[in-house]
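Have your viewer ready and follow along.

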Amino acid sequence: MRNPEQVLNILAEHSNESGYKYERLYRILFNEQMFLVAYQRIHAKPGNMTPGTDGQTEDGMSIDKIHALIDSLKSEVYRPKPAKRVYIPKKSGKLRPLGIPTFADKLVQEVVRMVLEAIYEGYFERTSHGFRPHKSCHTALKSLQNNFNGTKWFIEGDIKGFFDNINHGVMIEILRERISDERFLRLIRKFLNAGYLEEWHFNRTYSGTPQGGIISPILANIYLDKFDKYMKKYAQDFHKGKVRHRNKDIGRLNNRVHYLKKRMKEVTDVDKLEAMREEVRNKQQQILTMPSGNDMDENFRRLNYVRYADDFLIGVIGNKAECEKIKADVTQFMQEKLKLEMSQEKTLITNAQDSAKFLGYEISVRKDYTTQKNARGETRRHRNGDVILHVSREVIKKKLLSLEAMNVKTRNGKEVWSSKGRTYLID
């Protein structure tokens, strides 16, 4: 029986080879050690003591049950049980449906997830940050700060009910591009079609990934990787020019400054010399209040893209008409290739001087001509064009109130915040 780490490492060796096809994956599910590793990874997670539709929790798991699971997988009689549907509150006050699979199904899903992660992790694009090792909301926001400098327009992506509307047929065909093992694909389809129980009424699932299922996040990433690769190619085609053309007005001012500095070496009249120095200072100050590049340069275009789960943001250096075309192209790709619908009301085109929303932050690009000397003593506008991440006062207020960490009172018509002890944290 092969060591699980070796098995996964062998799979990962070919992960970044786009043309490589994986075969004989299903037999990995016959490896008892894979299930033991899966148990170690998930046993401490919250919710495992909540029984599924079979009434069992992780306390009921044993080696004998794992052997029985493996036998049912070998004969392909294994069938995931419907998830128990519950509802949890969303930030908006609405309720989000969540499925609770049985613990046995969680184990099988975790083994499948480990296999899929080994196959796809090296294949995914760097622009994808959700539900991946060493990736997070923080890396997505850091990518924004590093790559979106100078952006003129944002396009906020909003997919209508993404997790509920993943097309099962499209999902299997995407998997089939890299996986040549029909038994393994049939197992994934079983999870997709398992359905759910709500108030003891069985509901079939004709689309979407298992709500609350362990394999749902990686299946979602595999599905949207098609879009990531589409945006990568789109950005390459959209890019134009190496640098913006220099601002001609700055060029004329710089020429004047150079001329004056050269003439100052030849002038002996003190008053005339001082007047020339004053003009140089004024011209240099004027230069620092002007954009160095031509913002309207038709020969310079850039497009950047970042995604976390089903939220994505596109940054464009171009004009609004080009943003409208990008939005239309994205909508068409989603409809034709992924059978998904973009919300036209929520997929917004926002000027970068205003605020776009992404991962709970308000994103904007700084327009700031204040100067500061660098290590070499050169005066530079070091903050102009930087990406700003801002959390609104209202978001902070809601979070602190939800944690019961503060009191809000009104005094003299003004809202006053004060800290509040969270005694419920004391044992």
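Glu76 is partly exposed, at 28% relative accessible area; buried means under 20%, exposed over 50% and partly exposed in between, with a 1.4 Å probe and protein chains only. The side chain of Glu76 joins that of Arg186 in a salt bridge, 3.2 Å from N to O. Here a salt bridge is a side-chain nitrogen of Lys or Arg within 4 Å of a carboxyl oxygen of Asp or Glu. Glu76 sits in the loop between helix 3 (63–74) and strand 2 (83–89) and Arg186 in helix 8 (residues 182–192), so the pair ties together parts that are 110 residues apart in sequence. Arg186 is partly exposed as well, with a relative accessible area of 39%. Helices (H or I, at least four residues) and strands (E, at least two) are DSSP runs, numbered from the N terminus.

A word on the source: this is a predicted model, where local features need pLDDT of at least 70 and side-chain atom pairs count only at pLDDT 80 or more, while totals for chains, interfaces and linings use all residues. Residues are numbered from 1 along each chain as its sequence is written, and side-chain values use heavy atoms, leaving out hydrogens and water.

By the salt-bridge rule, the count comes to 22. Three of these pairs are set out here:

| Pair | Closest N to O |
|---|---|
| Lys229 and Asp225 | 2.8 Å |
| Asp228 and Arg307 | 2.8 Å |

Lys229 and Asp225 are 4 residues apart in helix 9 (residues 216–238), which puts about one helical turn between them. Lys229 is partly exposed at 24% relative accessibility, whereas Asp225 is buried at 4%. Both belong to a network of salt bridges that also links Glu125 and Lys232.

What about Asp228 and Arg307, buried or exposed? Both are buried. Their salt bridge links distant parts of the chain, with Asp228 in helix 9 and Arg307 in strand 8 (residues 302–308), 79 residues apart.

Now for the nonpolar packing. A nonpolar core is a set of buried Ala, Val, Leu, Ile, Met, Phe, Trp, Tyr and Cys residues joined through side-chain atoms within 4.5 Å. The largest has 74 residues, and those with the most contacts inside it include Leu116, Leu175, Phe227 and Met334. Another core, of 15 residues, lies apart from it, with Leu141, Val306, Ile363 and Val387 among its members.
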